[in-house]
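Hi there,

Here is the structure I promised to pass on to you. Please have a look at it first, and then read my notes below.

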Amino acid sequence: MTDTLRLATEADVRALSALIARSARELQAEFYSDELLDVAVGTAFGLDPMLLADGTYYLIERDGVPVACGGWSFRAKTYGAAGHLADATARMQPGRDAARIRAFFVHPDYARQGLGSRMLAACEQAARDAGFTHAEMVATLAGEKLYSRHGWAGDRPYHEILPGGVELPVIRMTKRLDSLDGIERPSGRSSGE
């Protein structure tokens, strides 16, 4: 069994989209209704091609099969798939603005094996390497526990409004990045280039 952390590419889109949908439907089911998940999958929970283009979206493969994905961003958009909140593409300024941690999903068969923690550490380090001193995210109710264990502070719970007026309960979370050290760096190009 070999796990590899690497940058995701366009060639991974189909596999990642399937992984994201399955992860969201199975691992979020305790917190969100089927009806809410029907709207959230593909809008709030989905693959944003901007992350791929920016070189800030990663995956972990186990024996060549994607089992987890997640990323960070230097853009204003905080969550969502292609076309969702597409107007938030402005570049954030390192040292002044917060980097965004985005779109973390783990295949249900591989949940609670440290993959999310490994991905989070790599994304935090990549944002730090790009000059960001703090980060924020829009966390799902299911993800809050993981992020809290890694020093993220819940700022405020609120509801994101999805298509059709559907309300998705989430939590804005923040973390200082300027005290990280010894974190694994994923292979591939840096988004700060």
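Predicted model: local features only at pLDDT ≥ 70, side-chain atom pairs only at ≥ 80, totals over all residues.

Residues are numbered from 1 along each chain as its sequence is written, and side-chain values use heavy atoms, with hydrogens and water left out.

**The fold**

Of the 193 residues, 51% count as buried. Buried here means under 20% relative accessible area, exposed means over 50%, and partly exposed is in between, with a 1.4 Å probe and protein chains only.

**The largest pocket**

The largest pocket has a volume of about 920 Å³. A pocket is an open set of points on a 1 Å grid over the protein atoms alone, where a 1.4 Å probe fits and protein lies on both sides within 12 Å along at least five of seven lines; lining residues have an atom within 4 Å of a point. The points are joined across faces, edges and corners, and the volume is the space filled by probe spheres set on them.

Which residues lie nearest the centre of this pocket? They are Q28, A142, G143, L146 and Y147, out of a lining of 41 residues. At least two lining residues each come from α1 (13-27), β4 (99-106), α4 (115-129), β5 (134-140), α5 (144-149) and β7 (167-176). Strand β4 gives the largest share, with six residues. By type, the lining holds 24 nonpolar, 11 polar and six charged residues. In that count Ala, Val, Leu, Ile, Met, Phe, Trp, Tyr, Cys and Pro are nonpolar, Asp, Glu, Lys and Arg are charged, and the others, Gly among them, are polar.

**Aromatic rings**

There are five aromatic pairs in the structure. Rings of Phe, Tyr and Trp (its six-membered ring) pair if their centres lie within 6.5 Å, and planes under 30 degrees apart count as stacked, over 60 as edge-to-face and the rest as tilted. One of the pairs is Y32 with F45, which is tilted because the planes are at 45°, with the ring centres 6.3 Å apart. This pair links distant parts of the chain, 13 residues apart: Y32 is in the loop between α1 and α2 (34-40), and F45 is in the loop between α2 and α3 (49-54).

F45 also pairs with F105, this time edge-to-face, at 6.2 Å centre to centre and 70° between the planes. Here the partners are 60 residues apart, with F105 in strand β4. Y32, F45 and F105 form one aromatic cluster. Each member is buried: Y32 has a relative accessible area of 3%, F45 is at 5% and F105 is at 6%.

Another ring to look at is that of Y158, where the charged end of R156 sits over the ring, 4.8 Å from its centre. The test for this is NZ of Lys or CZ of Arg within 6 Å of the ring centre and within 35 degrees of the ring normal.

**Single residues**

K175 lies in strand β7 and counts as buried because its relative accessibility is 13%. A polar atom of the K175 side chain is 2.5 Å from the backbone oxygen of H150. For polar contacts, the pair is of N or O atoms within 3.5 Å; within protein, one must be able to donate a hydrogen and the other to accept it, and residues adjacent in sequence count only if both atoms are side-chain atoms. The C-alpha atoms of K175 and A99 are 9.9 Å apart, although 76 residues separate the two along the chain.

The loop between β4 and α4 holds H107, which is buried at 14% relative accessibility. The H107 side chain reaches the backbone nitrogen of D109 at 3.0 Å. R112 is in the loop between β4 and α4 too, but counts as exposed at 77%. R112 has a positive phi of about 60° without being a glycine.

D63 is another non-glycine residue with a positive phi, near 50°. D63 sits in the loop between β2 (57-62) and β3 (65-73) and is exposed, at 53% relative accessibility.

Best wishes

Methods
Helix = DSSP H or I, 4+ residues; strand = E, 2+ residues; numbered from the N terminus.
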